[in-house]
Amino acid sequence: MPPPSKRINDPERTKRDILEVAMAEFASEGYSGARVDAIAARTRTSKRMIYYYFGGKEQLYLAVLEEAYRSIRALEDQLDIASCDAREGLRRLIEATFDHDERNPNFIRLVSIENIHHGKHLKQNLLLRQLNASVIATLDAILRRGREEGVFRDDVDAIDLHLAISSYCFFRVANRHTFGALFDRDLSEPRMLAKSRTQIVEMILAWLAPKV
C-alpha cells in the first residue's frame, strides 16, 4: 500500500493564491472593508501565514496593487510594436488596453478605491511608480516614430496620450452601470463593445494627426 501523499510546500504558489483572493476581496469590499480573516478562509491558510508572507493588511494591499499594475504592463511588453509603423503600433497598444480593462473589472475597482484614498498607498511605493514608467517610455517611442514618419503632431506628449487612452478605457468599465441606467445603453453588449473598441482607436489617431 503506497504511503499517503504529503502536501507539497510551495510558498510561491501559496502567495499567488493569496494575492488572487486578496485582489477580489479588496476590489469588492474596498481597503477599509476588506478583512484578512476572510482572505485566509478563502485560501485555506491562516491569518498568521498571510502576515508572515506580506507583513500586514496594508502591505498585502500594496502587493495586490503591484500585481494588478504588473499584469497590464507585462501585457504591453508582449506587444509587437517595433516591427510595424507608428499608427499600427499605437493601435495595438490601445486595443490591448481596452481588452485588458474589459476583462479585468477588479483592476478598475482597485484603481477607483485607491483614488478614494487619494492615492496615498501608491505615493509611498516607489516600485509601483517605476513599474508604470514603462508604458510612458513605450508611448514616447511610438510618438517619436510617428513624428519621424510624418503621421503624428508634435505637441502631444506620452503622458497626455496615456491619459487619453486610459480615460476612455477606464470610464466605460468603471461607469457602465450608471451610464447604462442614465442613457439605456449597455456598454458590455457585444456590438457596442466592438464599436467602442474601434471608436477609441479612431479618436486617438484622429487627434494625433498633424494639423493642416
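These legends accompany several close-up views of one predicted model.

View 1. The secondary structure of the chain amounts to 12 helices and 0 strands, and the C-alpha atoms occupy a box of roughly 75 × 45 × 40 Å when taken along the principal axes. Of its 212 residues, 39% count as buried. When contacts between residues at least 6 apart in sequence are considered, 71% of them join residues at least 24 apart.

**View 2. The segments annotated in UniProt.** An unreviewed UniProt entry carries the annotation "domain: HTH tetR-type" for residues 12–72, and over this stretch of the predicted chain 87% is helix and 0% is strand, with end C-alpha atoms 21 Å apart. The unreviewed entry in UniProt also lists residues 35–54 as "DNA-binding region"; over residues 35–54 the chain is 75% helix and 0% strand, and the end C-alpha atoms lie 14 Å apart.

View 3. Arg44 sits in the loop between helix H2 (36–42) and helix H3 (47–54), where its phi is near 55°, a positive value in a residue other than glycine. Most residues other than glycine have a negative phi. With a relative accessibility of 76%, against a cut-off of over 50%, Arg44 counts as exposed. Asp184, in the loop between helix H11 (176–183) and helix H12 (190–208), likewise has a phi near 55° and is a residue other than glycine. The relative accessible area of Asp184 is 73%, and Asp184 is therefore exposed.

**View 4. Helix H6 and the elements that cover its buried residues.** Helix H6 (105–116) has 12 residues, which at 1.5 Å a residue should span 16 Å, and the 17 Å between its end C-alpha atoms agrees with that expectation. The buried residues of H6 are Phe107, Ile108, Leu110, Val111, Ile113 and Glu114. Because an α-helix has 3.6 residues a turn, residues three or four places apart point the same way. The cover over the buried residues of H6 includes helix H1 (11–33), H4, H5, H7 and H10. Just after H6, His118 takes a positive phi of about 60°.

**View 5. The largest pocket and its lining.** About 830 Å³ of space lies in the largest pocket, whose lining consists of 28 residues, with Tyr69, Val111, Leu122, Asn132 and His162 nearest its centre. Elements that each give two or more residues to this lining are helix H4 (57–77), helix H5 (86–103), helix H6 (105–116), helix H7 (120–123), helix H8 (126–131), helix H9 (133–148) and helix H10 (158–174). The largest share, 7 residues, comes from H10. Sorted by class, the lining has 14 nonpolar, 8 polar and 6 charged residues. Val111, one of the residues nearest the centre of the pocket, is also among the buried residues of H6.

View 6. Leaving aside residues up to four places away in sequence, Ser196 touches Phe98, Tyr168 and Arg172.

Notes
Residues numbered from 1 in each chain as written. Predicted model: local features only at pLDDT ≥ 70, side-chain atom pairs only at ≥ 80, totals over all residues. Heavy atoms only, no water. 1 Å grid on protein atoms, 1.4 Å probe; cavity = no way out; pocket = protein on both sides within 12 Å on 5 of 7 lines; lining within 4 Å. Points joined across faces, edges and corners; volume = space filled by probe spheres on them. Helix = DSSP H or I, 4+ residues; strand = E, 2+ residues; numbered from the N terminus. Nonpolar A, V, L, I, M, F, W, Y, C, P; charged D, E, K, R; others polar. UniProt positions renumbered as here; feature names shortened; annotations may be inferred. Buried < 20%, exposed > 50% of the residue type's maximum accessible area, 1.4 Å probe, protein only. Expected span 1.5 Å × (residues − 1). Contact = heavy atoms within 4.5 Å.
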